[in-house]
Amino acid sequence: MNNGDIGWMLVSTALVLLMTPALGFFYGGMVRSKNALNTMMMSFIALGPVAVVWALLGYSLAFAPGSPVVGSFAFAGLQGVGLQAQGTIPHLLFMGFQGTFAIITVALISGAVVERMRFGAYLAFIVLWVLGVYAPVAHWVWGGGFLASAGALDFAGGAVVHVNAAAAALVAALVIGQRKDYARHAMLPHNVPFTLLGAGLLWFGWFGFNAGSALGATPIAALAFINTMLAPAATLTTWMVIDLVRGGRVTAVGAATAIVVGLVVVTPAAGYIGPASALALGAIGAVPSYFALILRARTKLDDSLDVVAAHGVGGATGAILTGVFADAAWSGGPNGLLGGNPGQVLIQIYSVLAVLAYSATGTFVILKLVALVLPLRAAGRVEGVGLDVTDHGEEAYTAGDGAILVSPNDPAYGQSSVAAIAFPKGGRS
Amino acid sequence: MKLIVAIVRPEQLSEVLGALFHAEVRGLTISRVQGHGGEIEQVENYRGTTVKMALSEKVRIEIAVSNHFVQPTVDVIIAAARTGDVGDGKIMVLPIETIYRIRTGEQDQDAVTPVPAVAAAV
């Protein structure tokens with residue numbers, strides 16, 4: 001083991017964990033104020049149950065020795081996961097670092113279903129999804145599964161995290177359906193500064209996500225780190241130019257989106273390409289997502305915060321461009337198309353399609369299973385009032401006017417307001 | 001001339017505004033207000049504190065209209081703001097003594113007759 005590696009991986013784990021609250025701010029700023037807490041909680045809550053099931057079972061299904069498709073129960077309950085070396089760091093630290101990826105991946109999905117998915121159903125969904133979809137897909141690429149054997153390059157999770165979450169987001173948006181106001185009334189971001197704050201914190205955390213995926217304080221970590229700085233810079237610049245050409249103004253929500261898209265695009269490539277390629281990859285990567293966002297808004301698909309356009313299109317673009325720009329001279333790994341290895345592009349496309357197909361199918365099945373027990377959608381009246389009050393019993397912005405203290409003897413004490421709003425006439429009929 | 005004051009649910013506001021514009025009622029003012037209309041109070045919890053919210057968020061819409069526009073405007077608001085539950089709001093129609101249009105100094109009937117807006121040169 002190496003103390004420098006351990007030090008860097010401790011910091012990286014904390015950095016990646018910070019990305020989930022950051023995502024909460026990024027998403028929370030983009031919804032209407034009546035759903036601000038609900039949207040932020042969809043990200044924040046992943047820090048609890050998802051981490052617990054990851055430690056108990058998810059890590060084992062992803063990383064314990066098993067078949068090419070899924071791990072095994074060998075590490076269930078963290079048995080055998082101690083301070084012994086896994087590479088050059090303690091096995092336990094490796095487990096924790098990977099856990100932060102599972103947490104952010106499920107939180108990403110929430111962007112497609114905000115402002116109408118019931119919180120209880122969401123909790124059930126994310127717990128089942130991390131076990132049923134995330135863990136096997138992580139195994140395919142990083143746990144010695146069949147995509148690893150096929151030679152797919154995914155440095156920090158372009159396919160495992162971003163395409164995976166986006167495929168789930170697409171299916172979830174279709175199964176749960178549009179918000180009742182979608183395409184009827186304008187729904188504007190209620191706090192763009194939150195969205196900018198979230199994008200900034202995501203970028204900060206992403207240094208741990210990408211450079212930490214080198215699994216040590218190595219020269220490759222430095223390469224991934226600088227590529228994580230340069231690629232989003234190029235994406236942001238390109239986005240700005242497209243904004244200027246199309247509308248004459250550079251938008252703030254656009255800039256926040258561009259940063260995230262650039263980070264997504266460089267994720268699979270971070271430790272495999274040179275810095276000049278990172279600039280090119282970031283610049284090229286802006287274009288598909290930019291226009292996917294515009295096209296999506298004209299369709300009936302209410303992928304509310306554009307998980308598909310940012311993470312799906314960005315993740316797939318990054319995965320494929322990794323096969324183009326991969327550079328043995330920088331990484332010591334395989335070459336891509338530009339290095340005379342065109343076959344790598346096909347392997348990358350194969351990995352994206354495999355993840356897309358499995359994630360979409362698995363998500364559909366899990367949502368239908370959850371729906372047997374818990375309704376997925378909030379009642380229309382609840383959607384009108386906003387899910388902060390109904391699902392959480394709190395408001396993001398309240399002056400407290402007219403708030404009457406309820407004593408523990410009052411029948412209203414501890415009561416939920418959901419029934420009162422969803423079924424105001426007193427019955428559930 | 002009458003002043004129509006409508007108190008409606010905030011979640012119905014887009015619906016009401018859309019319907020008013022569709023009915024060519026253009027001059028209006030809205031404000032965010034809080035009120036109590038007999039609806040069931042929401043119960044909220046903040047750490048150890050449980051509260052009943054006796055005041056609900058509402059939107060007040062004020063529209064000055066000429067007499068023949070009163071009934072159509074009221075009908076449009078009722079149709080668009082109604083959900084059928086307690087707390088849908090109220091519409092009050094008040095007489096107006098005098099009304100001036102600031103831009104021209106026009107009075108009364110002329111002041112509430114819409115004129116097409118011309119985009120000012122920037």
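Modeller: Helices (H or I, at least four residues) and strands (E, at least two) are DSSP runs, numbered from the N terminus. This is a predicted model, in which local features need pLDDT of at least 70 and side-chain atom pairs count only at pLDDT 80 or more, while totals for chains, interfaces and linings use all residues. Residues are numbered from 1 along each chain as its sequence is written, and chains are lettered from A and ligands numbered from 1 in the order in which they are written.

Biologist: Thanks! How many helices and strands does chain B have?

Modeller: Chain B has three helices and six strands, and along the sequence they follow β-α-β-β-β-β-α-β-α.

Biologist: And how spread out is chain B?

Modeller: For that, take the radius of gyration over C-alpha atoms and compare it with the globule rule, 2.2 Å times the number of residues to the power 0.38. Chain B comes to 18 Å, well over the 14 Å that the rule gives for 122 residues, so it is more spread out than a compact globule. The C-alpha trace of chain B spans about 60 × 35 × 25 Å along its principal axes.

Biologist: In what order do the four strands of the open sheet in chain B stand?

Modeller: Two strands pair if DSSP finds at least two bridges between them. In chain B the order is 2-5-1-6, with antiparallel pairing. Strand 2 (29–35) and strand 6 (89–95) of chain B each have a single partner strand, so each is left with one side that has no neighbour in the sheet. From one strand to the next, the twist averages 20°, taken between lines fitted to C-alpha atoms, with angles from 0 to 180 degrees between N-to-C directions.

Biologist: Which residues stand opposite each other in those pairs?

Modeller: Let's go across the sheet. Strand 2 of chain B is joined to strand 5 (residues 56–65) by seven bridges, and there Ile30(B) faces Ile61(B). Strand 1 (residues 2–8) of chain B also meets strand 5 through seven bridges, with Ile4(B) opposite Ile63(B). Strand 1 of chain B pairs with strand 6 over seven bridges too, and Ile7(B) stands opposite Lys90(B).

Biologist: Which residues have the most contacts inside the largest nonpolar core?

Modeller: Such a core joins buried Ala, Val, Leu, Ile, Met, Phe, Trp, Tyr and Cys residues through C-beta atoms within 7 Å; buried means 20 or more other C-beta atoms within 10 Å of a residue's own, exposed 12 or fewer, and partly exposed in between, with C-beta atoms placed from the backbone. The largest core has 139 residues, and those with the most contacts include Val106(A), Leu202(A) and Val260(A). A second, separate core of 15 residues includes Val25(B), Ala80(B), Ala81(B) and Val112(B).
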